[in-house]
Amino acid sequence: MDKIPRIPLASWIDQLLDWLIDTFGTVFDGITAFLEGTVDGIVNGLGFIPSIILALLFGLIAWWVANKKIALFSLIGFLIIDYLGYWDPMLQMLALVVTAVVISIIIGIPIGIWASQKGTVRKIVTPILDFMQTMPAFVYLLPAIFFFNIGVVPGIVASVIFSMPPTIRLTTLGIRQVPEDLIEATEAFGSTTGQKLMKVQIPLAMPTIMAGINQSIMLALSMVVIASMVGAPGLGEEVYRAVTQLKTGVGVEAGLAIVIVAIILDRITQHAGKQKQGGNES
């Protein structure tokens with residue numbers, strides 16, 4: 001019995017990538033220049049401020065958004081990172097994460113809103129999000145390298161793809177969970193779809209949306225070590241170098257710095273979501 005011919009899927013994908021590079025090479029170069037400029041601008045802007053003053057500013061932000069305990073932890077945590085000598089790599093990692101998360105929010109929240117309003121869009125988006133979340137993160141680096149070469153940009157692109165699904169999912173979920181009686185009341189008063197969305201649905205869904213942003217931040221942070229494999233700078237690069245050189249102490253120090261930043265960002269975004277919820281309930 002003859003074997004069923006094997007579908008040349010890998011060859012088709014390679015041909016598609018070659019066509020995209022040949023056709024949209026200028027676009028990819030523009031994206032690369034923009035993202036590199038954004039990251040460099042954030043790093044240079046934060047690096048211009050002395051580390052002690054910047055640690056105090058981070059602490060004050062944590063106090064304003066969260067509480068004194070998180071502010072104190074933020075201050076001590078950033079001072080520990082500075083003391084260990086990882087301040088500059090931390091700023092590079094923070095710039096990468098912030099850029100990736102902002103892009104995820106800019107793209108993810110509108111898609112989530114659209115999916116919450118249109119059942120057809122939701123049916124199309126859901127399997128795509130499933131694919132994005134189940135595909136191994138390393139796979140995202142391959143096309144990113146082809147499109148944007150080695151450096152920080154493939155790390156940002158992979159982080160965006162990997163971290164965007166929670167923002168989309170929880171934005172859709174939060175808006176769809178708004179009580180029907182409130183929706184009916186706004187419609188009874190003659191509100192348009194835009195007014196209903198901006199004045200009722202999104203404000204009530206904000207705690208859930210913030211939870212999605214929180215998860216996106218954590219996923220972006222989890223990508224920093226993987227992104228270092230394609231040349232992305234930061235604490236992930238320090239961990240990757242420690243692994244390749246079998247320097248356990250250095251790896252633990254850099255990993256501890258990543259954990260400190262992750263805890264700070266996690267607690268701040270969690271309390272930001274609670275503040276939104278409290279403002280809506282009052």
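Predicted model: local features only at pLDDT ≥ 70, side-chain atom pairs only at ≥ 80, totals over all residues.

Reader: How many residues does the protein chain have, and what percentage of them is buried?

Author: A residue counts as buried when its relative accessible area is under 20%. Of the 282 residues in the protein chain, 43% are buried. The accessible surface comes to about 15700 Å², and carbon and sulfur atoms account for 68% of that area.

Reader: What can be read from the contacts in the protein chain?

Author: Consider the contacts with a separation of 6 or more: 77% of them involve residues 24 or more positions apart.

Reader: Where does α7 bend?

Author: The bend is at Ser-163 and amounts to about 35°. A proline, Pro-165, follows within four residues.

Reader: Why is α7 described as largely enclosed by the rest of the structure?

Author: The reason lies in burial: 21 of the 25 residues of α7 are buried, so the helix is largely enclosed.

Reader: How should I read a salt bridge?

Author: Side chains of opposite charge can pair when their charged atoms come close. A search of the whole structure finds 4 salt bridges. One of them joins Arg-169 and Asp-130, whose closest N and O atoms are 2.4 Å apart. This pair links distant parts of the chain, since Arg-169 is in helix α7 and Asp-130 in helix α5 (residues 119–134), 39 residues apart. Arg-169 is partly exposed at 28% relative accessibility, and Asp-130 is partly exposed at 36%.

Reader: Where do Arg-241 and Glu-237 lie?

Author: An α-helix has 3.6 residues a turn, so residues three or four places apart point the same way. Arg-241 and Glu-237 both lie in helix α11 (residues 235–244), 4 residues apart, or about one turn of the helix. Their side chains meet in a salt bridge of 3.3 Å, N to O. Glu-237, Glu-238 and Arg-241 are linked in a network of salt bridges.

Reader: Is Lys-196 buried or exposed?

Author: Lys-196, in helix α9, has a relative accessibility of 13% and therefore counts as buried. Leaving aside residues up to four places away in sequence, Lys-196 touches Ile-183, Thr-186, Glu-187, Ser-191 and Gln-201.

Reader: Is Gly-190 buried or exposed?

Author: Gly-190 is exposed, with a relative accessible area of 53%. Its place is the loop between α8 (180–188) and α9 (193–222).

Reader: Which residues make the nonpolar surface patch?

Author: Leu-16, Trp-19, Phe-24, Val-27 and Ile-31 make this patch, which covers about 460 Å². Among them, Leu-16 is in helix α1 (residues 9–48), and Leu-16 is partly exposed at 47% relative accessible area.

Notes: Residues numbered from 1 in each chain as written. Heavy atoms only, no water. Bend = angle between axes of the 7 residues up to and from the residue. Helix = DSSP H or I, 4+ residues; strand = E, 2+ residues; numbered from the N terminus. Buried < 20%, exposed > 50% of the residue type's maximum accessible area, 1.4 Å probe, protein only. Patch = residues over 30% accessible without salt bridge, like charges linked within 9 Å, V, L, I, M, F, W, Y side chains within 5 Å. Areas by Shrake-Rupley, 256 points an atom, 1.4 Å probe, with all protein chains shown as cover. Contact = heavy atoms within 4.5 Å.
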